[in-house]
Amino acid sequence: MAKAASTSKATTGLNPSTAQRYHYDIYAILEGTQEMYFGEEVAVNVNLVEKVKVPRSVPTEQSAQGFEEIDKCYISPTKRRGVERRTLIWAPLASGMLLGDHEQCGIPLTCSRQDCPICCVYGGLQPKDDISLVGRLTHGGGVAIQPLLPDVKQRAMHPSVLTREKEGTPMPTPMPYRREYNEPALLYPIYNHCLSITEQEFESVAYAFLNALGRIGAGNPKGVRIAEGALLEDNEPLLVVDRYLAPLGARPTISPQETNPNIALQRFREAAFFVFGEKQNSEVVDQGTAFTRWIGNKALQQLQQHCLDFTQRVLM
Ligand SMILES: [Zn+2]
């Protein structure tokens, strides 16, 4: 069992690999399928969702370039990363065990082994043995496109409080609480970037990404879907997957300043089909080892294939 950093002579701390390593990127636009709560902090009796301030240039009467500040809802990349990692920890094996129990890898106590299908990409830290394994997967994006502020709703007591009352524990007077929710149909451009990982390691990333979609959020309800729009055909998933050494493709990222979903979709589509200075007409752009891009349905199929490979190799 290889220990991270300690036994490897490589200056990076990674064990040598005979398989080709690549950089991988996932670009997607996610859509809230209902109200969503992803807590930030609790103000006076209100659970708040995470928001960000976005400075935006606007033409004013005095000059062509003035600034205004707008608030936007946000699925923070670190929270999304946490949901993905948990998805792997809770992945069921054929034996009935969970992958995290099988690898003895959890949160916050990660195993930090390079052969762990979770830590190999997400990284880990064992402070007691002074072992750290660098994470090679980073998360970005998450600022909603529409500048729609969260709605506040009142909720009843949590059911667990009622159970405690039954057992005879002294209880404070039940107090309903209020909670903010991101509105449904908000669009969130998000990005996952992998640095120098093998195709096999990317299987963990694909499994976590697809399985986490329905579980993003805290409490209930939760979940997002990959938004759909016109790419080569109508109603395709707004998704791009790159595998590369040379970043030849335009990056389908959306400026946090953008507030118009139609313009955002147009930018996403233009960048997705723009590779090495040329407009493409295919959903697979193959420049060999240097750069391969999958777009829309082809990108989803690519992630699903890796997800299936992970399930067969690690879980079954
Ligand atoms: Zn681990």
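Mentor: The model is predicted. Start with strand S3, residues 46-49, and strand S10, residues 177-181: the two pair in the parallel sense over two bridges. One point to find on screen is Asn47, whose bridge partner in S10 is Arg179. Strands of a sheet pair through backbone hydrogen bonds, either parallel or antiparallel.

This pair belongs to an open sheet of four strands, in the order S2-S3-S10-S9, with mixed pairing. Strand S2 (39-43) and strand S9 (151-155) stand at the edges; each has a single partner strand, so one side of each is left without a neighbour in the sheet. From one strand to the next, the twist averages 25°.

Among the helices, take H5. It runs over residues 199-212, and its 14 residues should span 20 Å at 1.5 Å a residue; the end C-alpha atoms are 20 Å apart, which agrees. H5 is mostly covered, with 10 of its 14 residues buried. Among them are Glu201, Phe202, Glu203, Val205, Tyr207 and Phe209. The cover over the buried residues of H5 includes strand S1 (21-32), strand S8 (137-141) and strand S11 (187-198). Helices H1 (77-89), H3 (119-122) and H7 (297-315) are also included in that cover.

Apart from neighbours within four places in sequence, Val205 is in contact with Tyr24, Val121, Leu137, Asn192 and Cys194. Val205 is also one of the residues that touch the most other members in the largest nonpolar core, which has 66 residues. In soluble globular proteins, nonpolar side chains tend to be buried together.

Now the chain as a whole. Of its 316 residues, 36% count as buried. Of the contacts between residues at least 6 apart in sequence, 66% join residues at least 24 apart. The C-alpha trace spans about 65 × 60 × 35 Å along its principal axes. A compact globule with 316 residues would have a radius of gyration near 20 Å, and the chain has 22 Å, which agrees.

Technical notes. Residues numbered from 1 in each chain as written. Predicted model: local features only at pLDDT ≥ 70, side-chain atom pairs only at ≥ 80, totals over all residues. Expected span 1.5 Å × (residues − 1). Buried ≥ 20, exposed ≤ 12 C-beta atoms within 10 Å, placed from the backbone. Contact = placed C-beta atoms within 7 Å. Rg over C-alpha atoms; globule rule 2.2 N^0.38 Å. Core = buried A, V, L, I, M, F, W, Y, C linked by C-beta atoms within 7 Å. Pairing = 2+ DSSP bridges. Axes fitted to C-alpha atoms, helices over the stretch in contact; angles between N-to-C directions.
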